[in-house]
Amino acid sequence: MSQDIREFISPFTEILAFGEPTHLEDAHTWIRNELFEQLAGLGYRSIALETCRVRAVMVNDFVQHGMGDLDTVMKEGFSHRFGEWPANRELVSWMREYNADRPAAERLAFHGFDFQTETTSAPSPRPYLEHARDYLGEDVDLVIDDEEWGRDEAVLDSTRSPGRSEEAVRLREIGTGMLRRLHARMPELVADTSREEWNNAELHLTAGLSLLRYHRECAEPNPLGVRITRLCQMRDGVMARNLLEIRRIEAGRGPTFVFAHNAHLQRTNSSMEIAGERIEWFSAGALVAPVLGDQYTVIAGTLGRNDSFGLGEPDKATLEGQLQSRFTTWGMTGDKPEGETRKDTKLEMGYFPLDQHLLAGVDALLHVRVGRPVTR
């Protein structure tokens with residue numbers, strides 16, 4: 001058993017993915033911070049979290065250049081309320097301190113690799129398209145009803161989705177045209193602004209177009225289970241594309257540490273129960289692993305007990321129960337346990353128990369014996 005990350009990476013690793021088994025557990029995020037400090041000493045120069053890629057640009061500007069203030073960055077630079085996590089605040093503060101006296105090539109970079117959506121909600125595409133419009137200096141009418149696009153019913157009820165409306169068709173045509181012109185005018189635009197600003201405009205525009213495709217899928221008159229399955233696949237497809245793009249950006253600087261739910265990182269397909277339906281989809285890890293091969297390493301986070309949300313001590317016959325006897329606090333192992341899948345979890349815990357399918361999709365495990373209370 002070990003707490004030394006060097007035992008679980010190879011010289012070939014370009015993405016080291018560390019998963020957590022639930023978002024209601026704090027211990028894994030604090031351990032993540034400790035591991036990233038180790039990895040920074042080993043040449044890792046970037047971290048990517050399960051948060052909106054567009055919003056994370058603000059966080060990166062803060063940690064690399066000191067732009068803005070920490071409170072605003074934590075409030076506006078994270079999606080899914082992850083800016084409220086104390087461990088995330090500590091991570092951002094530490095990265096800023098680490099970077100303060102270092103040359104640009106050695107500074108740590110912060111990325112988000114998630115889509116802007118939750119599984120059952122998605123925002124309006126307007127602000128993303130507006131950013132690109134303003135960068136291009138074009139006069140395009142993008143006045144739309146954000147509330148109509150962003151309400152939960154627009155995802156859960158296909159008849160209330162604007163995704164197939166005339167307005168949606170118009171927005172897709174506008175966005176596609178702007179993307180074409182953004183690429184055609186690249187030399188001129190970069191000369192007038194900077195490559196970084198051009199990249200940010202492209203990022204906003206592709207995000208807006210992805211949102212329009214997501215809303216288009218929401219409007220399909222399919223059974224809810226089919227629709228949610230396709231939406232989960234679309235989200236992880238965007239996550240996979242973002243991970244590969246982040247690696248392209250960071251390739252010359254060092255490997256990237258990635259942190260998200262296990263379900264997004266495992267090499268095998270993922271599944272869950274939602275709205276009374278059992279759905280399955282290919283995780284981002286399952287999509288990037290064939291591309292990266294042995295450059296992709298996955299450590300799954302596991303948990304024995306957490307009293308704060310009712311996860312009790314696992315039965316000794318279960319996979320988590322077998323791991324409990326190996327650790328006093330937490331540790332990593334490449335020796336996978338043998339046992340049963342635990343049955344004492346509830347959907348509202350967001351906890352995906354260990355099973356043979358998950359074990360087949362990861363390289364090692366990081367087990368927390370007793371989790372920390374959630375502090376938000």
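**Reading a cavity and a helix crossing**

Mentor: The largest cavity here has a volume of about 80 Å³. Keep in mind that this is a predicted model.

Trainee: What counts as a cavity, and how many cavities of 30 Å³ or more are there?

Mentor: A cavity is a set of points where a 1.4 Å probe fits but cannot get out. In this model the count comes to one cavity of 30 Å³ or more.

Trainee: Which residues line the largest cavity?

Mentor: Look at Glu20, His23 and Arg32, then Leu49, Glu50 and Thr51. Phe78, Phe82, Trp85 and Asn88 also line the cavity, as do Phe259 and Ala260.

Trainee: Which elements give two or more residues to that lining?

Mentor: Those are β2 (46-52) and β4 (256-261). The largest share, three residues, comes from β2.

Trainee: How does the lining divide by class?

Mentor: Six residues are nonpolar, three are polar and three are charged.

Trainee: Now the helices. How do I read the crossing of α11 and α13?

Mentor: Start with the axes, which are lines fitted to C-alpha atoms. Those of α11 (residues 224-250) and α13 (residues 284-292) come within 8 Å. They cross at roughly 40°.

Trainee: Is that crossing left-handed or right-handed?

Mentor: The crossing of α11 and α13 is right-handed.

Trainee: Which residues make the contact?

Mentor: Contact means heavy atoms within 4.5 Å. From α11 come Gln233, Asp236, Gly237, Met239, Ala240, Leu243 and Leu244. From α13 come Ala284, Leu287, Val288, Val291 and Leu292.

Trainee: How do the residues of this contact divide by class?

Mentor: Nine are nonpolar, two are polar and one is charged.

Definitions and conventions. Residues are numbered from 1 along each chain as its sequence is written. This is a predicted model: local features need pLDDT of at least 70, side-chain atom pairs count only at pLDDT 80 or more; totals for chains, interfaces and linings use all residues. Side-chain values use heavy atoms; hydrogens and water are left out. On a 1 Å grid over the protein atoms alone, a cavity is a set of points where a 1.4 Å probe fits but cannot get out, and a pocket is an open set with protein on both sides within 12 Å along at least five of seven lines; lining residues have an atom within 4 Å of a point. Grid points are joined across faces, edges and corners, and a volume is the space filled by probe spheres set on the points. Helices (H or I, at least four residues) and strands (E, at least two) are DSSP runs, numbered from the N terminus. Ala, Val, Leu, Ile, Met, Phe, Trp, Tyr, Cys and Pro count as nonpolar, Asp, Glu, Lys and Arg as charged, and the others, Gly among them, as polar. Axes are lines fitted to C-alpha atoms, for helices over the stretch in contact, and angles run from 0 to 180 degrees between N-to-C directions. A crossing is left-handed if the near helix is turned anticlockwise from the far one by less than a right angle, and right-handed if clockwise.
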